[in-house]
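Here is a short briefing to read with the model open beside you.

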Amino acid sequence: MPKEPTAVTEPQQPPAPPPVNFANYQNEIYLHGLEGRVPPFTTEATALGASARGHLDAGAFGYVAGSAGSGATHRANREAFDRCRLVPRMLTDATHRDLRTRVLGTTMPAPVLLAPLGAQSIVHPDGELATARAAASLGLTMTLSTASSYTVEQVAEASGAGPRWFQLYWPNDDDVCVSILERARRAGFTTLVVTLDTWTLAWRPHDLDQSYLPFIRGVGTAIPFSDPAFRAGLERSPEEDLEAAVLRWVPMFTGTDKSWDRLPFLRRHWDGPIVLKGIQHPDDARRAAEAGMEGIVVSNHGGRQLDGAMASLDALPGIVRAVERTGTDTEVLFDSGIRTGADVLKALALGARAVLVGRPFAYGLAHGGEDGVRHVLRSLLADLDLTLGLSGHRTPAELTPDDLWHRP
Ligand code: FNR
């Protein structure tokens, strides 16, 4: 008897998770009211900072809430969202929505990621571990900063099966850089986010007035201090001589600008997607795309770096056009100033594939560790889900610049 040909099975991507009804958090909160319960803290994202202030010492609050110089860029970020308004459509059958979005080849439950925030233990002792657990519980991607209070391995363990990216503050020492990249890759961080706008720290009066910088105190230094290549360059370990370790690390990760011709070095030492963070000029976006970068983050670091820089949202449309003209697949992500669901929609309508959110989840961390981060993220996602529906859309991909009106 001739044998039946056996079916050849192609290797397949894991199936995308089903869509999540994020708006349900609203029902949950109202139903809790029947038992006399209210949310642990405010659901009003723009009020989170003021509310977190009471949970933080002055140094930590200034570090998180503060920005560069006069704060003009931070204000500009928010003002740009205020100038840009949504124009809703009616009778569009938007009852059932699907927020799933494909970013760099992965289907995410919503077009929202956690931005890299360093030194999170100044906000809560569990720091990045709490953030990793909260993000993983919602299937959201966290981005771990090089300036983490915990090691890549510890955060990977806390994150478990959760999706995770790694953000690089590019060390001047190539051996240390490669060693950190290898550890991150081994620990399951899939995408490398290279922050370009912080090669030296800006003038930050909130921190200067209190002589407060976490790294000088050995906070936010867990990754280099646990790194064999970094430790090999020290006469005595960081545990024995903190000051010497700090004095070696701070100039290694801040103080020297790089140039475009250094990007191939990173490509050689990272085999996953690379995303450049801190892009504000269309020509830089074009260069990133032409250099083969898989993505960029249109960001001004939440107004913490170049004082007087334009609002990140105002930079977005020109950058989207510049990247489209290259004909590459480079994806445009966005951060700086995102607070509400409507803010997310506006950035998506202007062409961002997804957004990263920064300070809001740090304020959640200050209020209640992992649960606090989860409350902030669930609130943002519920708001996003409801606002998408009320704007007359069922998926993020339906949004276009025609859904916006700009105040003159
Ligand atoms: C940051 N940001 C940041 N970015 C980065 O690439 N590496 C880092 O270590 C940090 N650290 C950091 C700490 C704190 C306390 C804040 C508030 C921000 C910038 C961050 O990734 C993001 O670009 C902004 O936070 C986005 O702006 P919003 O959402 O805070 O307005």
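Predicted model: local features only at pLDDT ≥ 70, side-chain atom pairs only at ≥ 80, totals over all residues.

Residues are numbered from 1 along each chain as its sequence is written, and side-chain values use heavy atoms, with hydrogens and water left out.

**Strands and crossovers**

- Helices (H or I, at least four residues) and strands (E, at least two) are DSSP runs, numbered from the N terminus.
- Buried here means under 20% relative accessible area, exposed means over 50%, and partly exposed is in between (1.4 Å probe, protein chains only).
- Strand β7 (residues 192-195) pairs with β8 in the parallel sense, over 4 bridges; two strands pair if DSSP finds at least two bridges between them. L192 has I274 of β8 as its bridge partner.
- β8 also pairs with strand β9 (residues 295-298), again in the parallel sense and over 4 bridges. There, I279 stands opposite V298 of β9.
- Together with helix α13 (residues 282-290), β8 and β9 make a right-handed β-α-β unit. A crossover is right-handed if, with the strands pointing away from the viewer, the path from the first strand over the helix to the second runs clockwise.
- In β9, G295 and V297 point one way while I296 and V298 point the other way, and all are buried.
- β9 and strand β10 (residues 331-334) pair in the parallel sense over 4 bridges, and the bridge partner of V298 in β10 is F334. The chain gets from β9 to β10 through helix α14 (residues 312-326), and this β-α-β crossover is right-handed.

**Aromatic rings**

- The structure holds 9 aromatic pairs. Rings of Phe, Tyr and Trp (its six-membered ring) pair if their centres lie within 6.5 Å; planes under 30 degrees apart count as stacked, over 60 as edge-to-face and the rest as tilted.
- One of these pairs is W249 with F253, which is stacked at 4.9 Å centre to centre, with 5° between the planes.
- Both W249 and F253 lie in helix α11 (residues 242-253), 4 residues apart, about one turn of the helix.
- W249 counts as buried because its relative accessibility is 1%, and F253 is buried too, at a relative accessible area of 10%.
- W249 and F253 belong to one aromatic cluster along with Y63, Y169, Y212, F215, F225 and F230.
- The ring of Y63 has R304 over its face, at 5.0 Å from the ring centre. A charge sits over a ring if NZ of Lys or CZ of Arg is within 6 Å of the ring centre and within 35 degrees of the ring normal.
- The charged end of R185 sits over the ring of W270, 5.2 Å from its centre.

**Cysteines**

- How many disulfides does a search of the whole structure find? The search finds 0, where a disulfide is a pair of cysteine sulfur atoms within 2.5 Å.
- C84 counts as buried at 2% relative accessibility, and C177 is buried with a relative accessible area of 0%.

- E239 is found in the loop between α10 (228-232) and α11. Is E239 buried or exposed? E239 counts as exposed, because its relative accessibility is 58%.
- The side chain of E239 makes a polar contact of 2.8 Å with the side chain of R231, and another of 3.1 Å with that of S237. A polar contact is a pair of N or O atoms within 3.5 Å; within protein, one must be able to donate a hydrogen and the other to accept it, and residues adjacent in sequence count only if both atoms are side-chain atoms.
- E239 and F225 are 14 residues apart in sequence and 8.7 Å apart in space, C-alpha to C-alpha.
- S179 has its place in helix α7 (residues 174-186) and is buried, with a relative accessible area of 12%. Its side chain makes a polar contact of 2.8 Å with the side chain of D227.
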